Amino acid sequence: MGATAGVAAAAYGWWEKDQFRLREETVQILPKGSSPIRVLHLSDIHFVPGQSRKAAWLASLAELYPDLVVNTGDNLSHVDGVAPLLEALGPLLRFPGVFVPGSNDYYAPVARNPASYLLGPSNRRPLPDRIELDWQELFGGFGAAGWINLTNRSQSVIFDRLRFDFSGVDDPHLKREQYADWPRGSSGHDREPHVKVAVIHAPYQRVLDHFTDTGADLILAGHTHGGQICLPGYGALVSNCDLPTWRAKGLTKWEHAGNWAQLNVSGGIGTSRFAPIRIACRPEAVLLTLTGRP
């Protein structure tokens, strides 16, 4: 690629990173005859102070009136990002929500050679000294609004008289996942109508296999940025984990050992502030309409 073409690609990528879109999916996982449940899936916001366009778009998502918001981590990309992020998410914090963290909720991103992006997952080498972010303030802000922290935890929530069992883990990219199993209740717990939803940040295969084998109906994840730099007609070049690149964004079926679960991987809303471009991979939130099984 010549210098002129490289500059043009970078300019396009800078523009595309702010072309936010809503992807909509229908997932038939509820008991037959159930009323639809609308789930707004947010991931990889990577907020930096001053991102007014992103803030306005995030706030506008409240007009969807979701029944539930699921946040799969990597909310920050700056040490001063917590307060403006919580302000931008304010309208959405009025709705029920659950969340798990990603590495960029704990640590600020670091500058690195952009070419390393194509060489494999970013955790393959020890990182230099990292700047810790104020994740306690972030988690506290979510919790004060009533959002449920699923970091290596599980909990049940009732929506329209239907029990949702959630199980989440800390970021597998940092190898912090510890499985809390699924919520346990009365002796007839498993016989009552319910839906199992797993919530993770990075969709490593070991984690997807675990949740699929333990009965998850739906797994929600982020981390991949949809590849961030994609080739038109081909797709993602990398997934930043061991997930096959063709699964780096979208709704697919994950199968393991004869079991299967619906898997939605968000293409993410932001980027690291040190790599602020997207090519053929527009930022997205995902509205999942859960409906009854046919």
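Guide: Gladly, and let's start with a definition: a residue is buried under 20% relative accessible area, exposed over 50%, and partly exposed in between. Keep in mind that this is a predicted model.

Visitor: What makes Tyr65 exposed?

Guide: Tyr65 has a relative accessible area of 61%, and exposed means over 50%, so Tyr65 is called exposed.

Visitor: Why is the pair of Tyr65 and Phe95 called edge-to-face?

Guide: The ring centres of Tyr65 and Phe95 are 6.1 Å apart, and rings pair if their centres lie within 6.5 Å. Their planes stand at 85 degrees, and over 60 counts as edge-to-face, so that is the name the pair gets. Phe95, at 14% relative accessibility, counts as buried.

Visitor: How do you know that this pair ties together parts that are apart in sequence?

Guide: Tyr65 lies in the loop between H2 and E3, while Phe95 lies in the loop between H3 and strand E4 (97–99), so the parts tied together are 30 residues apart in sequence. By the ring rule the count comes to 14 aromatic pairs. One aromatic cluster is formed by Phe99, Tyr106, Tyr107, Trp135, Phe139, Phe142 and Trp147.

Visitor: What is Phe142 in contact with, leaving aside its neighbours within four places in sequence?

Guide: Its contacts are Asn71, Asn75, Leu86, Leu89, Leu93, Phe99 and Trp147. Phe142 also belongs to the largest nonpolar core, which has 32 residues; with Leu42, Leu58, Leu61, Leu89, Leu92 and Leu138, it touches the most other members. Strand E2 (37–42), helix H2 (52–60), helix H3 (82–88), helix H5 (135–144) and strand E14 (284–292) each supply at least two residues of this core. H3 gives the most, with four residues.

Visitor: Why is Lys17 said to meet Asp18 in a salt bridge?

Guide: The distance from N to O between their side chains is 2.9 Å, and a salt bridge needs the nitrogen within 4 Å of a carboxyl oxygen, so the pair qualifies. Lys17 is at 14% relative accessibility and counts as buried. The charged end of Lys17 also sits over the ring of Trp14, 4.0 Å from its centre.

Visitor: How many salt bridges does a search of the whole structure find?

Guide: It finds seven. Among them are Arg23 with Glu25 at 2.8 Å, N to O, and Arg163 with Asp165 at 2.9 Å. Salt bridges that share partners join Arg21, Arg23, Glu25 and Glu284 into one network.

Visitor: What makes Arg163 and Asp165 buried?

Guide: Arg163 has a relative accessible area of 8% and Asp165 has 0%. Buried means under 20%, so both residues are called buried.

Visitor: Where is Ser77 found, and is Ser77 buried or exposed?

Guide: Ser77 is in the loop between strand E3 (68–71) and H3. At 0% relative accessibility, under the 20% cut-off, Ser77 counts as buried. Beyond its neighbours within four places in sequence, Ser77 is in contact with His46, Phe47, Val48, Pro109, Thr271, Ser272 and Arg273.

Methods. Residues numbered from 1 in each chain as written. Predicted model: local features only at pLDDT ≥ 70, side-chain atom pairs only at ≥ 80, totals over all residues. Heavy atoms only, no water. Buried < 20%, exposed > 50% of the residue type's maximum accessible area, 1.4 Å probe, protein only. Core = buried A, V, L, I, M, F, W, Y, C linked by side-chain atoms within 4.5 Å. Contact = heavy atoms within 4.5 Å. Phe/Tyr/Trp six-rings, centres within 6.5 Å; stacked < 30°, edge-to-face > 60°. Lys NZ or Arg CZ within 6 Å of the ring centre and 35° of its normal.
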